[in-house]
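Here's a friendly walk through a protein model for someone meeting it for the first time. Have a look at the sequence and the 3D view, then read on.

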Amino acid sequence: MSADLVIRGARVVLPQGTARADLAISAGRIAGIGAGERVPDALEVLDASGLVVLPGAIDTHTHHRDPGYTHKEDITTATRAAAAGGVTTSVGMPNVDPPTNTVERYRAVIERYSRGSLVDFNHNPAPTVPHEIPGLAAAGALGFKVYMIEDSKRSYPHIPGVGVHDHGRLLEVAEAVAATGRPLMVHPHDQELITTIEQRFWERGETAHLAYARAYASYDSLVWDGPAAWLIRLQEATGVRLHLLHVKTSRTAALVRAAKARGQQVTGELNPVAVFLCNDWSNIERLGPYALSTWVRDEYTEDLWRALRDGTIDVIGTDHAPHLREEKEVGWTDMWRAPGGVPQIQDYLALFLDAVAHGRLSLERLVELVAGGPARVFGLAPRKGAITVGADADLAIVDLSSECTIEEADVQSKCGWTPFAGRRVRGAVVHTLVRGEFVYRDRVVVGRPGHGRLVTPAGDGARA
């Protein structure tokens, strides 16, 4: 028997722990894990001595901007950035044009992805048209994404068709999604409260980036913590599988931890900016609109790292949110008119590898957060999320000793910038493989559009 590829000499993060092993890959899957004579000959051998092999990251929260906003990003540029960042599965969000809230629109998006994606993919539709929800689940959606937020002075990114903040409608949505068994991803937000708060800022003539940051963090972040508590109670009442996005305060982390202790079906997701960017007021002052998103109060940082370590947080989702510079620049004078969010799918794994180097997380825990957890929550295990015999050969091969500076010259996203430019990190992605094929090799993107395949929950007939 001959394998297509054997990776020799690396340390491999396996479900049972990290060990030195050789990997044999055949027909896109892991065919063997062993050493020396226990691994078959191969058509190609990769010497990975000194490197570490991780399961490829699964980003279930990516804004591909495709269709409708492809001046910012498209599925090919987004997944080029994913490949460079060690991401082997990328799942889009429904705030596109037209918004993805019907089966017809979902299928049209999947068709676009199938032509343009370098990595495996799916797309989380919005459950804002209740009678479409069963059909969307049957078509293969991993989960459903709903926003509790509306934009006040801008038309994007929180567009009509993807948001619900009325509690009665959210109850109907939760009941309908619960019937499918899929996760309901919710961006928690108190729209009525922020409307009152922001009007006070505007009446004082305060609209710049610092005012925006302070407004959203007002009253000790009540705009996020209040709806998080209500959503957890909604989950208890309806039985929906709640996946709470943007866990970014001490109080919300405590709410998720307590819900899990009670046995509720609640999982939590952290956006990397909550511990690497927006949690430092000096970044807000220096980078302004290029750091916003929202300010996450500095004093929450240690509690968020604890939540990452102790299992309160299940998933790291990038919320990769590319916008053009000219769109961001408006925010220096009126951040309410500038789109929120930052591009980070290419950088987040390196940032967390640096955190591992500094003792913030174990390498094994990081793998659970970026691969095992997403696969478990969204039904992709056992095919994705772990290095096991029979699993897809989705791999990120990293150099934990490599020290490098994040440079905008290396950005693969169409937007052309990163808020982390100039940051020194220890840990870098060297190769990325999707189903045994290199999409990023020797730190160069080599994947081709159309290599990516649709992945659906285990047991679905639509599964790749």
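## Before we start

This is a predicted model, so to speak of local features pLDDT has to be at least 70, and side-chain atom pairs count only at pLDDT 80 or more, while totals for chains, interfaces and linings use all residues. Residues are numbered from 1 along each chain as its sequence is written, and side-chain values use heavy atoms, with hydrogens and water left out.

## The overall build

Let's begin with the big picture. The protein has 14 helices and 17 strands; these are DSSP runs numbered from the N terminus, with helices being H or I of at least four residues and strands being E of at least two. Its radius of gyration is 21 Å, close to the 23 Å that the globule rule gives for 464 residues, so the protein is as compact as a globular protein of that length. That radius is taken over C-alpha atoms, and the globule rule is 2.2 Å times the number of residues to the power 0.38.

Along the principal axes, the C-alpha atoms fill a box of roughly 75 × 45 × 45 Å. How much of the protein is buried? Of the 464 residues, 63% are. Here buried means under 20% relative accessible area, exposed means over 50%, and partly exposed is in between (1.4 Å probe, protein chains only).

## Charged pairs

Side chains of opposite charge can pair when their charged atoms come close. A salt bridge here is a side-chain nitrogen of Lys or Arg within 4 Å of a carboxyl oxygen of Asp or Glu, and by this rule the count comes to 27. One of them joins lysine 72 to glutamate 327, with the closest N and O atoms 2.9 Å apart. This pair links distant parts of the chain, 255 residues apart: lysine 72 sits in the loop between β6 (57-62) and α1 (75-84), and glutamate 327 in helix α12 (residues 325-329). Lysine 72 is buried, at a relative accessible area of 3%.

Another salt bridge brings together lysine 260 and aspartate 314, whose closest N and O atoms are 2.5 Å apart. Again the pair links distant parts of the chain, with lysine 260 in helix α8 (residues 250-261) and aspartate 314, 54 residues apart from it, in the loop between α11 (301-310) and β13 (315-316).

## A network and a patch

Some charged residues are linked in a network of salt bridges: Arg29, Asp120, Arg383, Lys384, Asp392, Asp394 and Arg435.

On the surface, Glu150, Asp166, Glu172, Glu175 and Glu192 gather in a patch of negative charge. Patches are made of residues with over 30% relative accessible area and no salt bridge, with like charges joined within 9 Å. Asp and Glu count as negative, and the place of a charge is taken as CG of Asp or CD of Glu. Accessible areas come from the Shrake-Rupley method with a 1.4 Å probe. One member, glutamate 192, belongs to helix α5 (residues 191-203) and is partly exposed, at 49%.

Most residues other than glycine have a negative phi, and most peptide bonds are trans. Which peptide bonds are cis here? Among them are the bond from leucine 292 to serine 293, with omega near 0°, and the bond from alanine 381 to proline 382, with omega near 5°. Serine 293 is in the loop between α10 (281-287) and α11, and proline 382 is in the loop between α14 (363-377) and β14 (395-405).

Serine 221 has a positive phi of about 65° although it is not a glycine. You'll find serine 221 in helix α7 (residues 218-238), buried at 0% relative accessibility. Arginine 435 has a positive phi too, near 50°. Arginine 435 lies in the loop between β15 (424-434) and β16 (437-441), and it is buried, with a relative accessible area of 11%.

Methods
Patches are made of residues with over 30% relative accessible area and no salt bridge: like charges are joined within 9 Å, nonpolar side chains (Val, Leu, Ile, Met, Phe, Trp, Tyr) within 5 Å.
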